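Dear colleague,

Please find below the structure that I am handing over to you, together with its sequence. My findings follow directly after it.

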Amino acid sequence: MTFAKISQTAYYVPEQVVTNDDLAKIMDTSDEWIASRTGIKERRISRNQETSDLATEVAKQLLEKSGLSPSEIDFIIVATISPDSMMPTTAARVQANINASEAFVYDLTAACSGFVFALATAEKLIKAGSYKRGLVIGAEVLSKTLDWSDRRTAVLFGDGAGGVLLEASAQEHFLAESLHSDGSRGQKLTSGAYGLQSPYSDQGENNPFMGMDGRAIFDFAIRDVSRSIKELLEISGLSGDGIDYALLHQANIRILDKMAKKIGLERDKFLANMMHYGNTSAASIPILLAESVENGIIRLDGSQTLLLTGFGGGLTWGSLIVKI
Ligand code: ACO
């Protein structure tokens with residue numbers, strides 16, 4: 001029997017740091033408002049790198065750390081809601097940039113759940129025995145999807161990328177999963193709507209920018225996502241003690257605080273870095289994971305058990321419990 005294992009992690013963020021005070025110079029907001037409601041103090045904003053450039057930096061690091069040659073990679077999945085283009089996909093650009101000639105590649109779109117959905121999918125590809133190694137990357141340049149005149153959304157998001165090398169293993173590392181979607185609430189969080197525009201059609205909805213019902217998303221996270229995590233912990237027979245760290249999508253520190261209480265896991269187990277990067281959607285969990293490995297909090301030696309949870313547009317939400 002073949003299983004899948006996260007064997008390397010990496011992240012890359014653009015150099016440009018934009019603080020809350022920087023934003024207060026270009027819009028009617030303040031560090032006090034942003035930090036007290038979201039926990040965010042600063043974010044990275046790309047000046048001249050596209051989503052595939054950030055993802056390529058992650059892919060190169062993963063290859064370097066593993067010592068693998070690009071031709072040994074069987075697949076690349078990039079989770080993103082801010083692709084360079086629909087065609088070629090961001091994953092295809094990464095493949096070309098690193099010359100992973102033997103890989104099949106595609107983008108996966110599930111907003112802030114994208115990385116968790118992509119990792120769950122990639123695990124099945126390896127577990128089925130068909131493929132041995134894949135790169136799973138979450139990458140976003142959300143700054144290009146924001147309406148910079150809308151302070152309600154512009155202050156929340158940032159750019160960055162993170163990813164993992166997933167490899168075949170004789171031991172089981174993916175212990176439990178629960179993936180969910182509710183399209184009926186899709187309009188609560190929107191972006192990238194390109195309306196009908198042929199000579200034969202009425203003009204459709206055309207709004208490329210991020211739109212959000214903040215209160216509804218807040219409630220969704222606290223209620224639905226917390227409940228699904230509690231259920232997963234019960235079903236998997238893992239109590240809070242069985243989880244070393246919880247890496248939840250980095251949207252908002254108040255969401256994290258409330259979810260910790262609802263789930264009944266110690267707050268110290270919930271890692272957070274949204275203060276430095278803002279909400280980077282599909283990139284937030286792999287950036288947090290790779291940064292925690294870099295800081296020595298998480299070790300890739302099979303001794304720790306992690307809860308990874310994404311939630312966001314779609315609506316989508318999902319969790320994986322992974323021995324790492
Ligand atoms: N700076 C200053 N004032 C602002 C700003 C800003 N950046 N944005 C909004 N305001 C004002 C509003 O205009 C409003 O003023 P008014 O009362 O005079 O009309 C006031 O602040 C309150 O606005 P609300 O939108 O009601 O603010 P709320 O307290 O709900 O906080 C927030 C907004 C932080 C977005 C909150 O709803 C939230 O945390 N939602 C969770 C959603 C989230 O984190 N989404 C991220 C993307 S989704 C995801 O990743 C899953």
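A35 is found in helix α2, which spans residues 31-38. In this model, which is a predicted one, A35 has a relative accessible area of 22% and is therefore partly exposed; the limit for a buried residue is under 20%. Apart from its neighbours within four places in sequence, A35 is in contact with N20, I40 and K41. A35 and M275 are 240 residues apart in sequence, yet their C-alpha atoms are 8.0 Å apart in space.

T280 lies in the loop between α9 (274-277) and α10. With a relative accessible area of 1%, T280 is buried. When its neighbours within four places in sequence are left aside, the contacts of T280 are E140, L142, G158, D159, G160 and I287.

Five strands form an open sheet with mixed pairing, in the order β1-β7-β6-β4-β5. The edges are taken by β1 and β5; each has a single partner strand, so one side of each is left without a neighbour in the sheet. Direction ignored, neighbouring strands of this sheet are turned by 20 degrees against each other on average.

Helix α10 (residues 284-294) lies across β1, β6 and β7, and runs at about 85 degrees to β1.

The aromatic residues deserve a separate paragraph. A search of the whole structure finds five aromatic pairs. One of them is formed by F75 and F104, a tilted pair with 5.8 Å centre to centre and 40 degrees between the planes. This pair links distant parts of the chain, since F75 belongs to strand β4 (residues 75-79) and F104 to strand β5 (residues 104-108), 29 residues apart. F75 is buried, with a relative accessible area of 0%, whereas F104 counts as partly exposed at 30% relative accessibility. F75 also pairs with Y131: the ring centres are 6.2 Å apart and the planes are at 80 degrees, so this pair is edge-to-face. Here too, distant parts of the chain are linked, as Y131 lies in the loop between α5 (114-127) and β6 (133-141), 56 residues apart from F75. Y131 is partly exposed, with a relative accessible area of 29%. F75, F104, Y106 and Y131 form one aromatic cluster.

There is also an open sheet of four strands, which has the order β8-β13-β12-β11 and mixed pairing. Its edges are β8 (174-181) and β11 (245-248); each has a single partner strand, so one side of each is left without a neighbour in the sheet. From one strand to the next, the twist averages 10 degrees. Strand β8 runs antiparallel to β13 (residues 316-323), and seven bridges join the two. In that pairing, S181 stands opposite T316 in β13. Helix α7 lies across β8, β12 (305-312) and β13, and runs at about 35 degrees to β13.

Finally, α7 (residues 214-235) also meets helix α8 (residues 253-263): their axes come within 9 Å and cross at roughly 35 degrees. This crossing of α7 and α8 is right-handed. On the side of α7, the contact is made by F218, A221, I222, V225, S226, I229, K230 and L233; on the side of α8, by R254, I255, K258, M259, K262 and I263.

With kind regards

Notes
Residues numbered from 1 in each chain as written. Predicted model: local features only at pLDDT ≥ 70, side-chain atom pairs only at ≥ 80, totals over all residues. Heavy atoms only, no water. Axes fitted to C-alpha atoms, helices over the stretch in contact; angles between N-to-C directions. Left-handed = near helix turned anticlockwise from the far one by under 90°. Contact = heavy atoms within 4.5 Å. Phe/Tyr/Trp six-rings, centres within 6.5 Å; stacked < 30°, edge-to-face > 60°. Buried < 20%, exposed > 50% of the residue type's maximum accessible area, 1.4 Å probe, protein only. Pairing = 2+ DSSP bridges.
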